[in-house]
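Work through the exercises below with the sequence and the coordinates open. Try each task before reading its solution.

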Amino acid sequence: MNGAEEFFEAATKVCKPSNTEFGKLRLKINMTAYYLLGHSIELSLKAFLFGRGINYNELRYKPYGHDLSYLITESRNKRLGLQAKLTKNEIELIKLLSISYSTKLLEYTEVGHY
């Protein structure tokens, strides 16, 4: 295991998901939870790509690095769908999260709107 599961578990503890529709509407944005989720996704996708033969050192730097959008695209090219079924919406959400995650905005927050 590469820590992906622990980061996901930590994210759900920081910002507990709601089971009710009202609770989902009231869900507050939690930058720490988004960061933890992003890191979990990054580690998961890198583990998959490593298993598909991409060198560890290659995964550490661009174009891979922390770019969730690139990682999900490359993972899908390497047939991620055989291991994990993601909806188009889930893929687009990962790409959207990548904007803030890859630029470190979730780690070093700035005053303003995200």
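## Exercise 1: The largest pocket

Of the residues lining the largest pocket, 13 are nonpolar, three are polar and one is charged. Keep in mind that the model is predicted.

**Task.** Find how much space the largest pocket holds, which residues lie closest to its centre, and which elements line it.

**Solution.** 
1. Start with the volume. The largest pocket holds about 580 Å³ of space.
2. Go to the centre. The lining has 17 residues, and Tyr34, Leu37, Leu93, Leu96 and Leu97 are the closest to the pocket centre.
3. Assign elements. Two or more lining residues come from each of α3 (31-51) and α6 (88-102).
4. Find the main contributor. α6 gives the most, with seven residues.

## Exercise 2: The largest nonpolar core

**Task.** Name the members of the largest nonpolar core that touch the most other members, then state which elements supply the core.

**Solution.** 
1. Take the core as a set. It has 15 residues.
2. Leu49, Tyr64, Leu68, Leu71 and Ile72 touch the most other members.
3. α3, α5 (68-77) and α6 each give two or more residues.
4. Find the main contributor. α6 gives the most to this core, with four residues.

**Task.** Which residues does tyrosine 64 contact, once its neighbours within four places in sequence are left aside?

**Solution.** 
1. The contacts of tyrosine 64 include Leu49, Ile54, Glu58 and Leu59.
2. Look at higher residue numbers. Tyr70, Leu71 and Glu74 are also in contact with tyrosine 64.

## Exercise 3: Salt bridges

**Task.** How many salt bridges does the structure hold? For the glutamate 9 and lysine 13 pair and the glutamate 42 and lysine 46 pair, give the distance between the closest N and O atoms.

**Solution.** 
1. Count. There are two salt bridges.
2. Side chains of opposite charge can pair when their charged atoms come close.
3. Take glutamate 9 and lysine 13. Their closest N and O atoms are 3.2 Å apart.
4. Glutamate 9 has 40% relative accessibility, so it counts as partly exposed. Lysine 13 has 55%, so it counts as exposed.
5. Take glutamate 42 and lysine 46. Their closest N and O atoms are 2.8 Å apart.
6. Check burial. Glutamate 42 and lysine 46 are both buried.

Key: Residues numbered from 1 in each chain as written. Predicted model: local features only at pLDDT ≥ 70, side-chain atom pairs only at ≥ 80, totals over all residues. Heavy atoms only, no water. 1 Å grid on protein atoms, 1.4 Å probe; cavity = no way out; pocket = protein on both sides within 12 Å on 5 of 7 lines; lining within 4 Å. Points joined across faces, edges and corners; volume = space filled by probe spheres on them. Nonpolar A, V, L, I, M, F, W, Y, C, P; charged D, E, K, R; others polar. Core = buried A, V, L, I, M, F, W, Y, C linked by side-chain atoms within 4.5 Å. Buried < 20%, exposed > 50% of the residue type's maximum accessible area, 1.4 Å probe, protein only. Contact = heavy atoms within 4.5 Å. Salt bridge = Lys/Arg side-chain N within 4 Å of Asp/Glu carboxyl O.
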